[in-house]
Amino acid sequence: MTMMMMKQRRKLHRVQVEKAPRLGLIRPTALGFQLTAYLHDGQTPEDYEEVLDQLAHAWRVHSVRLVSWKPGRVTLAATLVDPLDTVAGLQVMSDGLLRVQVGLLDNGSRYVIDFKVVPHWLNVGATQSGKSNLANALIVGLAPQPVALVGFDLKGGVEFTPYQARLSALATERAECAGLLADLVGIIRARMALCRQYRVKNIWHPRMPEAVRPMPIVVLVDEMAELFLMADPDHEKEEVAAVATRLLRVAQLGRAFGIYLFVCGQRVGSDLGKGVTALRAQLTGRICHMVNDDETAKMCLGDMDRRAVAAARQISSDRPGTAVVIGSDSRWHHARSVHVLEEQAETAAEQFAELAPSWALLTGGPALPLAGAGELDAAEVEEFTEPDLEDVPV
Ligand SMILES: Nc1ncnc2c1ncn2[C@@H]1O[C@H](COP(=O)(O)OP(=O)(O)O)[C@@H](O)[C@H]1O
Ligand SMILES: [Mg+2]
C-alpha cells in the first residue's frame with residue numbers, strides 16, 4: 001500500500017500541471033503594459049495563445065494579446081480599456097499612394113488599407129455592420145489620389161451611384177459587370193505588353209518610366225453574392241461563369257499591373273459556387289465585421305486563423321464598424337473604422353471628380369491600342385514570367 005502511494009506520488013511530481021510562469025519586467029505602453037513570459041520546457045507560444053482570455057480576466061484588463069515570440073519566450077501585451085470603444089476624433093486620411101488610414105486597431109496603431117502591400121481585400125459583414133462605411137472611407141481616402149475608381153454595385157446602384165462623379169465606370173447589372181471585367185482583363189493585357197516592352201515584371205518597377213506608368217485602378221465590389229447567385233440558371237449560367245472567371249483573372253494578375261480589388265459581401269458561403277473559394281485565395285486582406293452565420297466568418301478568416309473566427313463571432317451589433325482584420329502582418333487584429341457619412345464620401349467624390357480618368361482613356365490610351373477584350377490565355381501569362389525578367393516584389 002505505501003509502496004503504491006509512493007509510486008503514485010512520484011508520478012504526480014512528474015506531471016507539472018500548473019507551474020507559475022517566470023515573468024520579465026512589466027513595461028508600460030500607451031494602452032496598458034507589456035511583459036515577457038519565459039516558456040517552461042515543453043511549452044510553446046500556442047499554449048499562451050490558448051489562455052489569453054483567461055489571462056485578461058485574471059489580470060482584470062480588457063484584453064491580452066501575444067505580440068511576438070522568440071525561442072523560449074513570448075511577449076504579451078495587455079490593454080487596460082478597449083481602445084475601440086470610440087474612434088471619434090480620428091479622421092480618414094490619405095497616407096501615400098493607394099494607402100488610406102480608415103480607423104484604429106486594438107493595439108493603438110492605425111487601421112490601414114494599403115493596396116500596394118495587400119492588393120485585394122474581402123470585406124464581409126451582416127447588414128448594418130459597417131461594410132459600406134468602410135467603402136465610404138476608401139472613397140474619401142482615395143478620391144484625392146491619382147487613382148482610378150470603378151464600382152460594381154448590383155444592388156441597383158444604391159451604394160455607389162452617389163459617388164459616380166469620381167468613378168471611371170460603374171456597373172449596376174451583371175451584364176455590365178461582365179463587360180467591365182472583360183475591359184479590365186484587356187487593360188491587364190495591355191499593361192503586360194507595356195511591362196514586357198520595358199522588361200519589367202510590374203508597373204511599379206523603377207525601370208518603368210514615370211511618364212508611361214499606368215494609373216492604378218481600384219475596383220470596389222458591393223455584394224459579391226449578386227455576381228454569383230442565379231435566379232434562372234438556364235439563362236444566367238454562362239454570364240455568371242464569365243464574371244467568375246474574369247474576376248478571378250483580375251485578382252490573379254491585377255497586382256503586378258496596378259489593378260486592386262475591394263470586395264464586399266453580406267454572406268459568403270459555398271452556395272455561391274466553387275469560384276468563390278478560388279477568388280478568396282487571392283483576396284489576402286480580410287475584414288470580418290459582425291456576421292450572422294459561422295460560415296461567413298469561416299470563409300473570411302477560417303483559412304487564416306481559427307481564433308480570428310471566434311473573435312469575429314463575438315463582435316456585438318451595437319458597435320458598427322468593428323471588425324476582425326487580417327492585413328499585411330498576417331496576424332489578426334480587432335479594428336474599428338472611422339464613421340464616414342455617405343455625404344462626406346459624396347462631397348469628396350464631387351470635389352475630386354476631375355481626377356477620374358474616363359473609361360475610354362483607361363481601356364485604350366493612345367499608346368496602348370488594345371487587342372479587344374478577349375480572355376487571357378495561359379501561354380501569355382507563362383511567357384510573361386520569363387526568368388530573365390527582373391523580379392521586384394511590390
Ligand atoms: N465605424 C463606425 N462607427 C460608428 N457608426 C458606424 C460605423 N460604421 C458604420 N456605422 C453606422 O452603422 C450603420 C450601418 O453601417 P453600414 O456601413 O451602412 O453597414 P452595412 O453596409 O454593413 O449594412 C450606419 O448607420 C452607419 O452610420
Ligand atoms: Mg451596405
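# Loops, helices and a ligand shell

Let's start in the loop between H5 and strand E12 (217-222), which is where you'll find Arg199. Bear in mind that this is a predicted model. Most residues other than glycine have a negative phi. Arg199 has a positive phi, near 55°, and isn't a glycine.

Glu223 is another residue to look at for its backbone. Glu223 isn't a glycine either, yet its phi is positive at about 55°. Its spot is the loop between E12 and H6. Glu223 has 18 C-beta neighbours inside 10 Å, and therefore it counts as partly exposed.

**The chain as a whole**

Stepping back, the protein chain has 13 helices and 16 strands. It is 394 residues in length, and 40% of them are buried. If you take the contacts with a separation of 6 or more, 67% of them join residues 24 or more positions apart.

**Two helices side by side**

Two packed helices are described by the angle between their axes and the distance between the axes. For helix H5 (residues 174-197) and H7, that angle is about 35° and the axes are 9 Å apart. The crossing of H5 past H7 is left-handed. On the H5 side, the contact uses Arg174, Ala175, Cys177, Ala178, Leu181, Ala182, Leu184, Val185 and Ile188, while H7 brings Glu239, Ala242, Val243, Arg246, Leu247, Arg249, Val250 and Leu253. Sorted by class, the residues of this contact are 13 nonpolar and four charged, with no polar ones.

**Helix H8 and its two sides**

Which residues of helix H8 (residues 274-282) are buried? They are Val276, Leu279, Arg280 and Gln282. These residues cover an arc of only 150° around the axis, so they sit on the same side of H8. What do the buried residues of H8 pack against? Their partners are strand E9 (120-124), helix H6 (225-228), helix H7 (233-253) and helix H9 (294-302).

Why does Ala281 count as exposed? Ala281 has 12 C-beta neighbours inside 10 Å, and a residue with 12 or fewer is called exposed.

**Near the start of the chain**

Leu25 lies in the loop between strand E1 (22-23) and strand E2 (27-28). With 8 C-beta neighbours inside 10 Å, Leu25 counts as exposed. Gln34 is in strand E3 (residues 32-38). There are 18 other C-beta atoms within 10 Å of Gln34, so this residue is partly exposed. Leaving out residues up to four places away in sequence, Gln34 touches Arg27, Thr29, Thr75, Leu76 and Ala77.

**Val325 in E15**

Further along, strand E15 (residues 322-326) holds Val325. Is Val325 buried or exposed? Val325 is buried, because 29 other C-beta atoms lie within 10 Å. Setting aside neighbours within four places in sequence, the contacts of Val325 are Tyr111, Arg286, Ile287, Trp332, His333 and Ala335.

| Pair | Apart in sequence | C-alpha to C-alpha |
|---|---|---|
| Leu25 and Leu35 | 10 residues | 6.0 Å |
| Gln34 and Gly24 | 10 residues | 9.5 Å |
| Ala281 and Asp303 | 22 residues | 8.9 Å |
| Val325 and Gly285 | 40 residues | 7.7 Å |

**Around ligand 1**

Finally, the ligand. Ligand 1 has 13 residues around it, and those that come nearest are Gly130, Ser132, Asn133, Pro320 and Gly321. Two elements give two or more residues to this shell, namely helix H4 (131-142) and strand E16 (332-337). Which element gives the most to the shell around ligand 1? That's H4, with three residues. How does the shell around ligand 1 split by class? The tally is 10 polar, two charged and one nonpolar.

Key. Residues numbered from 1 in each chain as written. Chains lettered and ligands numbered in written order. Predicted model: local features only at pLDDT ≥ 70, side-chain atom pairs only at ≥ 80, totals over all residues. Helix = DSSP H or I, 4+ residues; strand = E, 2+ residues; numbered from the N terminus. Buried ≥ 20, exposed ≤ 12 C-beta atoms within 10 Å, placed from the backbone. Contact = placed C-beta atoms within 7 Å. Near = placed C-beta within 6 Å. Nonpolar A, V, L, I, M, F, W, Y, C, P; charged D, E, K, R; others polar. Arc of directions from axis to C-beta. Axes fitted to C-alpha atoms, helices over the stretch in contact; angles between N-to-C directions. Left-handed = near helix turned anticlockwise from the far one by under 90°.
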